[in-house]
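Subject: Structure handover

Hello,

Here is the structure I promised to pass on. My notes follow below it.

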Amino acid sequence: MTARPIIELRNLSKSFGAVQALRGIDATIREGEFFSLLGPSGCGKTTLLRMIAGFEAPSGGSIVIDGKPMDGIPANHRPTNMVFQSYAIFPHLSVAGNVGYGLKRKKLSRAEIAAEVEAALEKVDLAGYGSRAAHELSGGQRQRVALARALVMRPKVVLLDEPLSALDKKLREQMQVELRALQQSLGITFILVTHDQEEALIMSDRIAVMFDGQIAQMASPEELYRTPRTRRVASFIGVMNFLPARMKGESPEGIEIDIPALGSARIPRDRVPEGLRPERIESIGIRPEMLTILFDEANSAEREAEGQVVANSYYGDMTYYDVRLAGQEAQVTISMRNTAGRSVARPGTTVRVGWGAESVVLFD
Amino acid sequence: MAGARRGPNWLLVYAVAYMVFLYAPVVLLPLFAFNDATIVAFPLSGFTTKWFTVLWETEALHGAVRNSLIVAVSSALIATMLGASAARAMARYRFPAKKGIVGFIMLPLVLPEIIVAVALLVMLMQLGLSLSLWTVVAGHVLICTPFAIAILSSAFQGLDQSLEEASLDLGESRWGTFRRVTLPLVMPGVVSSLLITFTISLDEFIIAFFLTGTDVTLPVYIWSQLRFPSKLPSIMALGAILLALSVLLLVLAEWFRRRAAARQGKDATAAGGLL
């Protein structure tokens, strides 16, 4: 993407008394992108979003939105609008009163406001709901009203603070898809704060994973999942098996590593992360779906190891196996798609585990 | 479970006795107000409305009522405004010595009123200020403000802070946010506070007695009339009117609060009212 930057965060920091909530945040968010701030609670993601919105003043560094430095500019003069975690629907106003709230300050006629409100409600599939009272709405509808109220202001950036966390699972999944589709059709930059890694993967163009007030890794969902840079990022995004490993040798094609639990492998150069010193490799990671249990004699994989099923969890479409690798303390989790005619392997069964060198992630 | 317990239900007896003790004297007020006898005693002798006519014709009483209304309305408005500011600060901000400051503001709630009254009188004398209705207002604001804070702080604490932030985020100024979001949402609390502080000021005696000048308030006037036994029945009539007005005021306040709560889809009993 060559889109121009809409938000630039430069060496941003924030302290609350003795607590450092954010340290040295550097990021550029591009126009029209769906950007997520992902991390566990207390990692500073919400503080960062509130600083962009103008509710918190930075302790250091700068925020530039649409080319303008935001120092000292309060929330009501920023080209951003927020969807709050609680939705913050004004309880004493109707749906139309809520959506039209911000328009009252712009010099528009009554009819213009009504038209804008109706258009915004249409965007979020709530056409004709204008006269409803705020308390008559369901959770999903409140979320939509909050979104319409932000969109009607025609913001440069929409900020979403865990907007789906209050919804039940089914509605949440539906809203994830809808929200993404809406963002794509409007072409407005969305910044989402979430602790739900799956949500971030589904919705985002890019994700910044945050721990302890710092950005640990910033990448596309696919890159983040395939090549997490640290063990912490790897275990936060999806499930990752970690196994001890050592570098055996280096060649122009790649790095030769020894994984006691699985065997040795040559990792191609393009799978070696930038800045990783090969001699400092201490472990490797491999995703459950990148390991295969070779049920049939006829099946074979690039590489194989022996193991014993310790436990299984049956999910219907998938089964997750905990497998202890032969002669090792280490256990790995392996996910297998359930197919017709194959029964679930019981604990105690000895199995062959297949794996490939290109799915190995290196960690120091 | 009926019949599982034998003997009288002592809890019920206690409850009934309590209610009788609490309200029987109040019932006597309207009873003797319409009694056709100068002596306030049973048996009742006949029905009359002449005591109300006497009230109507007493000029001094009218002056006292007017003075009381001026004092009560002024005290209620000032105390509620001060209370709202303090309650908002308590709910929103952290500042040094917050607990201590709040404690000192709330202290008049438990301070003996006579102490407050004497202290105020001494201070006013030292300052060389002459006593008037406004010195009574000052004293009443002092004792009413803690009540206003107590009522309003629950209103402000129940206010989701993100509502004010959402308003700012939508381009509204701080003052506009207060006017369009904060005030309408704490309005039931404001009305409660106005009514309670109005009532407290209206029937407050000690401070009014010490700090009033030549213009007396209603309670002070009533007290001065009690020296004349012949005035007692008309005081009873006055009491009956005040009682009716108080009940009306309370019902009105509760109706207003419930309507506001219902409009926001809240459970009226959970919204923190007095009744």
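Which residues in α6(B) meet which residues in α8(B)? From α6(B) come H140(B), I143(B), C144(B), F147(B), A148(B), I151(B), L152(B), S154(B), A155(B) and F156(B). They meet V186(B), P188(B), G189(B), S192(B), S193(B), I196(B), T197(B), I200(B) and S201(B) in α8(B). By class, this contact has 12 nonpolar, 7 polar and no charged residues. Ala, Val, Leu, Ile, Met, Phe, Trp, Tyr, Cys and Pro count as nonpolar, Asp, Glu, Lys and Arg as charged, and the others, Gly among them, as polar. Contact means that the C-beta atoms of two residues, placed from the backbone, lie within 7 Å.

First, the ground rules. This is a predicted model: local features need pLDDT of at least 70, side-chain atom pairs count only at pLDDT 80 or more, and totals for chains, interfaces and linings use all residues. Residues are numbered from 1 along each chain as its sequence is written, while chains are lettered from A and ligands numbered from 1 in the order in which they are written.

Confidence

The model scores ipTM 0.82 and pTM 0.80. Chain B has a mean pLDDT of 84 (the predictor's confidence in each residue, from 0 to 100). In chain B, 93% of residues reach 70 or more. Residues 270-275 of chain B stay under 50. For that stretch the model has 12 contacts beyond four places in sequence. Where pLDDT is low, the predicted coordinates should not be read in detail.

Chain B has 11 helices and 0 strands. Helices (H or I, at least four residues) and strands (E, at least two) are DSSP runs, numbered from the N terminus. The C-alpha trace of chain B spans about 70 × 70 × 30 Å along its principal axes.

Back to the helix pair above. α6(B) covers residues 133-157. Its axis and that of α8(B) come within 9 Å and cross at roughly 155°. Therefore α6(B) is roughly antiparallel to α8(B). Axes are lines fitted to C-alpha atoms, for helices over the stretch in contact, and angles run from 0 to 180 degrees between N-to-C directions. Angles under 35 degrees count as roughly parallel, over 145 as roughly antiparallel, 65 to 115 as roughly perpendicular and the rest as oblique. The crossing of α6(B) and α8(B) is right-handed. A crossing is right-handed if the near helix is turned clockwise from the far one by less than a right angle, and left-handed if anticlockwise.

α5(B), residues 113-127, also packs on α6(B). The angle is about 140°, with the axes 11 Å apart. So α5(B) is oblique to α6(B). This crossing, too, is right-handed. E113(B), V116(B), A117(B), L120(B) and L124(B) in α5(B) meet T135(B), G139(B), L142(B) and I143(B) in α6(B). That contact has 6 nonpolar, 2 polar and 1 charged residues.

Between the chains

17 residues of chain B are in contact with 19 residues of chain A. On the chain B side, α7 (161-169) and α8 (174-203) each supply at least two residues. α7(B) gives the most, with 6 residues. The side of chain B that touches chain A has 7 nonpolar, 5 polar and 5 charged residues.

Domains of chain A

The domain assignment, automatic or from a database, gives domain 1 (5-234) and domain 2 (240-364). Their centres, taken over C-alpha atoms, are 38 Å apart. 6 residues of domain 1 are in contact with 7 residues of domain 2.

Best wishes
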